[in-house]
Amino acid sequence: MAWKNYLDREQDRFVSELTEFVSIPSVSAKPENAADVQRAAEWVASRLTEAGGENVEVLQTAGHPVVCGNWLHAGPDRPTVLVYGHFDVQPAEPFELWSSPPFEPEVRDGRLFGRGATDDKGSMLIPILATEAMLKSAGRLPINLRFFFEGQEEIGSPDMPDFVAANAHRLSADMIFSADGAQWAPDQPQIIEGLRGIASVEIVVRGADSDQHSGLHGGGIANPAMALAQILASMKSPDGHITVEGFYDDVVPLTEDDRAAIAEVPFDAEAYLAETGAPAEHGEPGYTTRERLWARPTLEINGLTSGWQGAGTKTVLPAEARAKITCRLVADQSPERIVEALRAHVERHAPDGVTVEFEAGAARGNPFLVPRGHNASVVAAQVLEEIYGRAPLRTRVGGSIPVMTMLLEHVGVHATMFAFQHDDENLHGPDEFVRLDAFRRGQEAYCRLFESL
Ligand code: BES
Ligand code: MN
Ligand code: MN
């Protein structure tokens, strides 16, 4: 296989290109990095062109851009495949927890460390490199190929509903593979059959028009931090059941088959606690931890801010308190209905003496389930089994990729995750890394996938 020699020969160059890519701080959440997201888009476009991609374009949206390209010369009897990935990354803060600077990637022990190294820059580069290997060594691909890379996945893809609807002609395909996703472990592949959806909101509670002396005014006016704590406490009972009115209304109950499929995947509670460092498992009663992670909805406070955060005591009665919340959703919940349920709940539970503002966030994604036996997943499973020497587990993940259901709606195809991240690679955290052997193996997997289609 000529492509295999090409991959072997060029691997060092690929790693230095990944280093260059990860060096671009394309943090989609931070307005001050918008030009870097654009720069990452241009980097992707030029790298894809160099690989032999055609009609490569950086397409603007109301927010961060998209990169599309294709290679469509395999002939009409061959399938057309769409590959998806994202070139934006999560914020890297707190910087001081990194062993090396997040945007100055460093290789240690066969791992490349940097923000986005695995999620999703390393992963989305893989199909580009596989394409290059096939085109440069054989002059052609066995399939027709389209690429769709976005720059706003990590903020919930706010402009992608419009983009996907308006650009369905650039995205049309018989099969879709997502280069965002993961394998179970370096020696164990998986087919991901479900992702959760997401809805985000922010609650702002205001009292006095500036911070007040808590001795002079405590007892005279309400405290926004306490009011916020009361609102938040009204949303969930201590046992983990969500008490927002209507929250579970659209949840499709788990069937015995669903529960059996989830139970088939090994779960080691001790290892899970060791991995997270948490003292105990916790969550909604009546479900296993794995069920709660993969197939039940959640409501989590992601950020909570009010008052004095510095050393010692400051006797202040804060003027304001804020909470950022996201819910993970499962079939058939919709982010819009959940946001409205939360809004109504917060209005009903707003304490006296403060004003409560409720804002819907930009991150919205529908839950995504891939039917078992889906054509592209079957081929992906065969390729993974060949490469790993083990049959893939059938899993779900608790995370979200909002664009998956948009592609289902407008292209009419369920995406199959074909990606080589691993959960222990500190995605979104300090010291994110990609295993370079998995990076290499992923390139081979994509070549074999293209061949077997
Ligand atoms: N790549 C992740 C999602 C993921 C993780 C899929 C592991 C499969 C396995 C993705 O980049 C992500 O982090 N999504 C965000 C979306 C949100 C910001 C709208 C998430 O899940 O928090
Ligand atoms: Mn990702
Ligand atoms: Mn991510």
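Author: Asp268 caps the N-terminal end of helix H9, which spans residues 269–276; helices here are DSSP runs of H or I with at least four residues, numbered from the N terminus. In this cap, a side-chain oxygen of Asp268 lies 3.1 Å from the backbone nitrogen of Glu270, a polar contact being a pair of N or O atoms within 3.5 Å, with one able to donate a hydrogen and the other to accept it within protein, where residues adjacent in sequence count only if both atoms are side-chain atoms. Gly277 follows H9 and has a positive phi, near 80°.

The model is predicted, and local features need pLDDT of at least 70, side-chain atom pairs pLDDT 80 or more, while totals for chains, interfaces and linings use all residues. Residues are numbered from 1 along each chain as its sequence is written, chains are lettered from A and ligands numbered from 1 in written order, and side-chain values use heavy atoms, without hydrogens or water.

The side chain of Glu153 places an N or O atom 2.7 Å from an oxygen atom of ligand 1. For Asp180, a side-chain N or O atom is 2.8 Å from a nitrogen atom of ligand 1. His428 brings a polar side-chain atom to 2.9 Å from an oxygen atom of ligand 1. The protein buries 91% of the 520 Å² that ligand 1 exposes when taken alone, with areas from the Shrake-Rupley method and a 1.4 Å probe.

Methods
Helices (H or I, at least four residues) and strands (E, at least two) are DSSP runs, numbered from the N terminus.
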